[in-house]
Amino acid sequence: LAKKDVIISGMDVISKMNVLTNVTIYTKTGTSPIQTELRADEWQKIYGGAIPFEPYQLVALDDFSVGVSISAGQTQSFHVLFGLGQLFTVGNALEATVEVVAEDDSIIIYEGQAMRGVFKGLFGRAKWNGVMRYRIK
């Protein structure tokens with residue numbers, strides 16, 4: 001949720017493995033209701049690449065080719081996928097209130113859905129481990 005008008009320019013991510021793996025990031029305006037599968041046609045791919053990881057080391061991905069603009073009061077969802085080894089923290093039960101993972105004076109990041117595959121295989125909630133890079137509009 002944006003508290004101010006912001007542009008998300010990129011993300012830094014963490015793997016739990018020493019691995020070269022594909023990282024793909026999708027986004028869409030609004031939130032995603034809890035469901036076992038997400039509709040792929042609602043999402044826009046904003047990043048994709050093979051990334052070398054060392055265990056538990058933060059890796060800065062290249063900036064998105066086009067920043068994701070979010071207006072104050074607007075919610076934006078992100079679907080971050082690793083081929084292998086994505087590090088996340090288990091979130092609350094699906095029926096529980098959604099928890100704030102990080103917050104500052106510009107944005108709030110909430111826990112999200114944990115999926116086993118591309119837009120499918122819901123197995124609970126997760127707290128994303130990484131950094132969202134942004135600037136004020």
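This is a predicted model: local features need pLDDT of at least 70, side-chain atom pairs count only at pLDDT 80 or more; totals for chains, interfaces and linings use all residues.
Residues are numbered from 1 along each chain as its sequence is written, and side-chain values use heavy atoms, with hydrogens and water left out.

Side chains of opposite charge can pair when their charged atoms come close. With a salt bridge taken as a side-chain nitrogen of Lys or Arg within 4 Å of a carboxyl oxygen of Asp or Glu, a search of the whole structure returns nine salt bridges. One of these joins Lys3 to Glu103, with the closest N and O atoms 2.6 Å apart. Because Lys3 lies in the segment before β1 (6-14) and Glu103 in strand β8 (residues 100-103), this pair ties together parts that are 100 residues apart in sequence; helices (H or I, at least four residues) and strands (E, at least two) are DSSP runs, numbered from the N terminus. Lys3 has a relative accessibility of 36% and counts as partly exposed, where buried means under 20% relative accessible area, exposed means over 50% and partly exposed lies in between (1.4 Å probe, protein chains only).

A salt bridge is also formed by the side chains of Glu42 and Lys28, at 3.8 Å from N to O. Glu42 is placed in the loop between β2 (19-29) and β3 (44-53) and Lys28 in strand β2, so the bridge ties together parts that are 14 residues apart in sequence. The two partners are assigned to separate accessibility classes, since Glu42 is partly exposed at 40% relative accessibility, while Lys28 is buried at 12%. Both residues belong to a network of salt bridges that links Lys28, Arg39, Asp41 and Glu42.

In the salt bridge between Glu111 and Arg125, the closest N and O atoms are 3.2 Å apart. This pair links distant parts of the chain, with Glu111 in the loop between β9 (108-110) and β10 (112-117) and Arg125 in strand β11 (residues 120-128), 14 residues apart. Glu111 is buried, with a relative accessible area of 6%, and Arg125 is likewise buried, with a relative accessible area of 7%.

Aromatic pairing was assigned where rings of Phe, Tyr and Trp (its six-membered ring) have centres within 6.5 Å, planes under 30 degrees apart counting as stacked, those over 60 as edge-to-face and the rest as tilted. By this rule there are four aromatic pairs. The rings of Trp43 and Phe119 have centres 5.8 Å apart and planes at 40°, and the pair is therefore tilted. Since Trp43 lies in the loop between β2 and β3 and Phe119 in the loop between β10 and β11, the pair ties together parts that are 76 residues apart in sequence. Trp43 is buried, at a relative accessible area of 10%, as is Phe119, at 5%.

Phe88 is partly exposed, with a relative accessible area of 30%, and Phe123 is partly exposed at 37% relative accessibility. Together with Val90, these residues make a nonpolar surface patch of about 270 Å². Patches comprise residues with over 30% relative accessible area and no salt bridge, like charges being joined within 9 Å and nonpolar side chains (Val, Leu, Ile, Met, Phe, Trp, Tyr) within 5 Å; the accessible areas come from the Shrake-Rupley method with a 1.4 Å probe, and for residues only the protein chains shown count as cover.

Phe123 is also touched by Arg116, which contacts Gly121 as well, not counting residues up to four places away in sequence, with contact meaning heavy atoms within 4.5 Å. Arg116 is found in strand β10 and counts as exposed at 67% relative accessibility.

Gln86, by comparison, is buried at 18% relative accessibility and is found in the loop between β6 (76-82) and β7 (88-90). The side chain of Gln86 reaches the backbone oxygen of Val80 at 3.5 Å. Beyond residues up to four places away in sequence, Gln86 touches Ile14, Lys16, Val80, Leu81 and Trp128.

How values were computed:
A polar contact is a pair of N or O atoms within 3.5 Å; within protein, one must be able to donate a hydrogen and the other to accept it, and residues adjacent in sequence count only if both atoms are side-chain atoms.
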